[in-house]
Amino acid sequence: MSRPREPQPIDQVAIFLRLLGLAAAGLLVVVAGLALVVLGRSLGRSEPRLVLDPDAAPRAIQQREGLATTETDNIALFQRAGPSVVHIDTSRGELGTGLLDVLSDMPDGIGSGVLWDEQGYVVTNWHVVREAASSIIRLEDGSEWKAVLIGTAPDYDLAVLKIDAPADRLTPIDLGTSSDLRVGQRALAIGYPFGLDQTLTEGIVSGLDRTIRGPEGNLVGGLIQTDAAINPGNSGGPLLDSAGRMIGVNTALVSPTGVYSGVGFAVPVDLVNRIVPRILATGSAPRPGLGILLAPDELARRFGFQGALISGVLGGSPAERAELRPTMAYADGRVQLGDVIVSVDEMVISNRMELQTALSRFEVGQRVRLGILRGTERLNVEVELGSLDAGGG
């Protein structure tokens with residue numbers, strides 16, 4: 001009977017060396033595999049060779065059956081409306097004959113305009129010509145004509161120029177309407193952005209009845225908002241509907257950089273069609289108003305009112321004749337609130353901006369019915385609108 005073998009001591013060093021050898025062998029296999037992969041890729045990749053093809057020819061053209069309907073519509077619209085859009089160069093210096101006069105007569109500003117009729121009247125923005133001593137208008141055919149300023153309406157950012165061009169060179173813009181516009185319908189702008197030749201951009205009517213501050217700091221309401229690209233130089237050009245009719249005069253863009261950002265505004269054509277005849281008749285189109293001073297909206301809200309709080313009434317104004325009451329402050333610290341205008345011909349008024357926007361829809365001499373709060377009493381007062389300078393109420 002054999003004796004059982006006695007356990008042998010474990011040689012830990014030998015085991016470690018054996019494991020180390022196995023790991024090294026595995027690592028060598030991995031490295032070898034990677035080397036083969038890299039070598040294979042490098043063997044399969046060769047340096048490009050310069051090979052010329054003496055028989056090279058233009059590629060075959062892929063034919064198309066025709067332009068899309070929207071494309072042909074845009075082309076036809078541009079061809080029809082383009083001759084009615086003009087380029088305007090303005091200069092702050094007077095025309096002269098000497099070298100210095102010629103240098104000083106270089107254009108200081110650019111803009112666009114529309115031919116109003118065959119008599120040579122051109123409608124543009126007031127801010128395009130506000131600092132101009134002279135203006136040169138270039139028609140689509142390339143001819144240039146010195147323009148004379150007929151009149152302005154700063155409160156609406158509109159102006160009218162005139163050129164003595166033959167009637168057969170003039171194509172008046174077709175007019176549409178703006179009262180029936182709907183958000184989402186197509187809108188196209190033609191103008192001379194950055195002094196480039198005529199440019200067509202397309203978008204939609206993005207909003208209606210917008211209010212922004214005009215060049216004089218006054219509020220201009222009822223504007224059309226569009227995302228058709230409008231840039232410096234487009235000012236005064238037309239905003240068109242899909243039928244090629246002018247629905248507005250492009251007037252402003254909202255942008256932190258001063259270039260297109262998707263938000264532009266146009267004076268609605270219904271307003272333009274009211275203001276231009278007044279400019280042609282009298283040289284101006286003053287803004288209708290009441291002759292009042294308005295308190296800050298915060299003050300009205302502090303007292304719990306929604307409306308336009310009258311803080312002052314100008315002497316001899318329509319408001320004074322209608323016996324509207326201003327806010328009064330007494331020496332003992334008491335304050336007696338004036339009338340609060342809450343409606344104009346059934347249009348609800350919630351703040352100063354809404355009041356000025358509502359009044360801009362009327363003309364000097366028209367009578368309007370004001371809804372006012374006098375203390376706790378609700379009254380209706382008829383007022384004949386007067387002529388106000390920019391900034392009044």
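A charge sits over a ring if NZ of Lys or CZ of Arg is within 6 Å of the ring centre and within 35 degrees of the ring normal. This is a predicted model: local features need pLDDT of at least 70, side-chain atom pairs count only at pLDDT 80 or more, and totals for chains, interfaces and linings use all residues. Residues are numbered from 1 along each chain as its sequence is written, and side-chain values use heavy atoms, with hydrogens and water left out.

**Exercise 1. Find what sits over the rings of tyrosine 121 and tyrosine 330.**

Solution. 
- Start with tyrosine 121. The charged end of lysine 162 lies over its ring, 5.5 Å from the centre.
- Go to tyrosine 330. Here the charged end of arginine 334 takes that place, 4.5 Å from the ring centre.

**Exercise 2. Check the span of helix 2 and work out which face is buried.**

Solution. 
- Helices (H or I, at least four residues) and strands (E, at least two) are DSSP runs, numbered from the N terminus. The expected span of a helix is 1.5 Å times one less than its number of residues.
- Check the span. Helix 2 covers residues 69-81, 13 residues in total. Its first and last C-alpha atoms are 18 Å apart, close to the expected 18 Å.
- List the buried residues (under 20% relative accessible area; exposed is over 50%, partly exposed in between; 1.4 Å probe, protein chains only). They are Asn74, Leu77 and Ala81.
- Look down the axis. The buried residues fall within an arc of 65 degrees, so they line one face of helix 2. The arc is that of the directions from the helix axis to the C-beta atoms.
- Recall the geometry. An α-helix has 3.6 residues a turn, so residues three or four places apart point the same way.
- Turn to the other side. Thr69 and Gln79 are exposed there.
- Name the partners. The buried residues of helix 2 pack against strand 1 (85-91), strand 7 (186-191), strand 8 (199-213) and strand 10 (238-240).

**Exercise 3. Do the same for helix 5, then inspect the residue that follows.**

Solution. 
- Take the span. Helix 5 (residues 269-282) has 14 residues, which should span 20 Å at 1.5 Å a residue; its end C-alpha atoms are 20 Å apart, so the two agree.
- Pick out buried residues. Among them are Val269, Leu271, Ile275 and Arg278.
- Find the cover. It includes strand 3 (121-124), strand 6 and strand 12 (264-268).
- Step past the end. Glycine 283 follows helix 5 and has a positive phi, near 90 degrees.

**Exercise 4. Describe the hairpin of strand 20 and strand 21.**

Solution. 
- Count the bridges. Eight join strand 20 (residues 367-374) to strand 21 (residues 377-384). Two strands pair if DSSP finds at least two bridges between them.
- Read the direction. The two strands run antiparallel.
- Isoleucine 372 stands opposite leucine 379.
- Inspect the turn. Two residues lie between the strands, and glycine 375 has a positive phi near 70 degrees.

**Exercise 5. Is serine 178 buried or exposed, and what does it contact?**

Solution. 
- Locate serine 178. It is in the loop between strand 6 (158-162) and strand 7.
- Classify it. Its relative accessibility is 12%, so serine 178 counts as buried.
- List contacts (heavy atoms within 4.5 Å). Leaving aside neighbours within four places in sequence, serine 178 touches Ile224, Ile247, Pro268, Val269 and Asp270.
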